[in-house]
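Visitor: I have not seen this structure before. Please show it to me and take my questions in turn.

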Number of protein chains: 2
Amino acid sequence: MLYVIGLGLSDEKDITVKGLEAVKKCERVYLEAYTSILMVEKEKLEEFYGRPVITATRETVELEADDILRDAETKDIAFLVVGDPLGATTHTDLLLRADARGVPTQTIHNASIMTALGSTGLQMYNFGQAISLPFYTASWTPDSWYDRLEENLRFGMHTLVLLDIKVREQSEENMARGRLVYEPPRFMNPFQAFKQMLLTETKRRNPEVDSDDEDAEAVLAAAADAPRFLDPERTLAMSLSRIGTPTQRIIAGTLAELEALDEEEFGAPLHSVVVVGKRIHPLELEFAGRWCVGGEQGKWWSVAKDVYGVERETFDY
Amino acid sequence: MLYVIGLGLSDEKDITVKGLEAVKKCERVYLEAYTSILMVEKEKLEEFYGRPVITATRETVELEADDILRDAETKDIAFLVVGDPLGATTHTDLLLRADARGVPTQTIHNASIMTALGSTGLQMYNFGQAISLPFYTASWTPDSWYDRLEENLRFGMHTLVLLDIKVREQSEENMARGRLVYEPPRFMNPFQAFKQMLLTETKRRNPEVDSDDEDAEAVLAAAADAPRFLDPERTLAMSLSRIGTPTQRIIAGTLAELEALDEEEFGAPLHSVVVVGKRIHPLELEFAGRWCVGGEQGKWWSVAKDVYGVERETFDY
């Protein structure tokens, strides 16, 4: 039996009782470690499970599925995934391979950022498709995520933005020399995410214009009138840091307010970002507003009223 | 401290280790029992926790929050919610009330249908906003869900349809007489959901036309040409039954194929439904196709190709 077991969001005790019972009886235990990380060392997991844990890297899972599935027809194997095993990143490929070999599988679900983002006070119902924001470089600023975001925003849906992590990155030199040496892991900070998102907004609005061109002014004028989906002063967003852990931190504000914060304000990884859609309910506004930049004097309330058209209501508790 | 603890999807062992440790030390333990149900009796939970469990009904949570929060400044109180506590139905109201009273809170997340639907093989990323389908009556067929569904389908997103449950329903007579007597619980079956969805599609396309009206023919002709978001023969969907439990069952097919199944095919509650969007990847198609009505001869593959424009690929395992 192949058990595909979610570990939840924070530490070793976020596994379910059912998941823990399964791990404890498995012959081999793999930990998928390239799409997310747990806030705890592997050694702590091993101690808690009473089992050695094999780190499965991208190469292992995609290329060495045979190793993972070896003897799984007769023995119990555990494949551990941070969050829900079929949530943000699905492991359907491994399940299909198991199926093709006649290996029975059982999926043990757990919390994922996809539902835990309810901690923001925003209703899961009001979220559209989730998007992933990759690390930009000087020459590579892939922005297909923007089209998905625009689709959500057109209909007033909120958007969860998953931020890139690089856990087994090779330097160009090491890659060229075929050395399997990896750089230290990198996790995108909301500070960088907001900067990248506003960069793409600017680029999309101002396609390169030759300043000698007589149409340049007209092009720029048209760009200025184009719908601005990410407006620094008029778009509300939130940062979600370490959701589900004891140091969880949420900050709300306009994109400009959030982008102006120090990187340190957001603290250690993991982070996500939410872009708030216009179909926001006063209760969502109130709940999230408790964490807004500048408190009662912040722009959260005035932008909600003037741009989103949602009046602050008084809730009597 | 108020602990708001998710119970996951199936039985008493789907609680996390962290959640279980919290419950065991709480003075009072409430179980929220109006938005979803666990597949296990309350007595089994009590035995597992070693604690009596108080059922919190809608009236309790909304009107008797004071009772729940009594002494929570100094004592530990648990509020248990099926799924993720802030997932499909948020309990933000209770958290805000706790906040207003200076009661510290801790949310312990868990799996929810919102992420467990990854079991279908469809990518969470490709889902738009979720919708809720209420029980229709002869005179009440509320269809605002259709607009949300249409927004998702326009951009090719998948849609999770949560099906109505009635766990503390009063008959009209009992309500009129003020008797707090409740009907047996009702859970919508996918069979009924597909029928209701197609009924709304038909109604939206054929607004009542006076047959004596000379424009009637033109109106009907226009309706026939209108985009048909839910087409019995051309829309793919899936039923999700008892997800996360040992008897989990998923069925895929066209709306017509699914609607033609016997109610018993889907088995016991709880159920949800998914409407498949056009932006479906061949791997999603393959994974979900393992459960399609009619197998290789079913319409799943031909509709995917002809209507969705997705060719079946061969995956080499």
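Visitor: Which helix of chain A holds A288(A)?
Guide: This is a predicted model, in which local features need pLDDT of at least 70, side-chain atom pairs count only at pLDDT 80 or more, and totals for chains, interfaces and linings use all residues. Residues are numbered from 1 along each chain as its sequence is written, chains are lettered from A and ligands numbered from 1 in the order in which they are written, and side-chain values use heavy atoms, with hydrogens and water left out. Helices (H or I, at least four residues) and strands (E, at least two) are DSSP runs, numbered from the N terminus. On that count A288(A) belongs to residues 282–289 of chain A, helix α13.

Visitor: Is A288(A) buried or exposed?
Guide: Buried means under 20% relative accessible area, exposed over 50%, and partly exposed in between (1.4 Å probe, protein chains only). A288(A) has a relative accessibility of 0%, so A288(A) counts as buried.

Visitor: Which residues does A288(A) touch, not counting those up to four places away in sequence?
Guide: Contact means heavy atoms within 4.5 Å. With residues up to four places away in sequence set aside, the partners of A288(A) are T120(A), M238(A), A252(A) and W300(A).

Visitor: How much of chain A counts as buried?
Guide: Chain A has 14 helices and twelve strands. In helix α1 (residues 17–24) of chain A, six of the eight residues are buried, among them V17(A) and L20(A). Over the 317 residues of chain A, the buried share is 54%.

Visitor: Which residues is T92(A) in contact with, leaving aside neighbours within four places in sequence?
Guide: T92(A) is in helix α5 (residues 92–100) of chain A. With a relative accessible area of 2%, T92(A) is buried. Leaving aside neighbours within four places in sequence, T92(A) is in contact with L86(A), G121(B), L283(B) and F287(B).

Visitor: What area do chain B and chain A bury between them?
Guide: The size of an interface is often given as the accessible area lost when the parts come together. Buried area here is the accessible area (1.4 Å probe) that two parts lose on being put together, summed over both. 59 residues of chain B are in contact with 59 residues of chain A. Of the area buried between the two chains, 60% is on carbon and sulfur atoms, and the total is about 4,900 Å².

Visitor: Which helix does R204(A), the partner of D147(A), lie in?
Guide: D147(A) and R204(A) form a salt bridge, with the closest N and O atoms 2.8 Å apart. The pair links distant parts of the chain, 57 residues apart, from D147(A) in helix α7 (residues 144–154) of chain A to R204(A) in residues 190–205 of chain A, helix α9.

Key. Salt bridge = Lys/Arg side-chain N within 4 Å of Asp/Glu carboxyl O.
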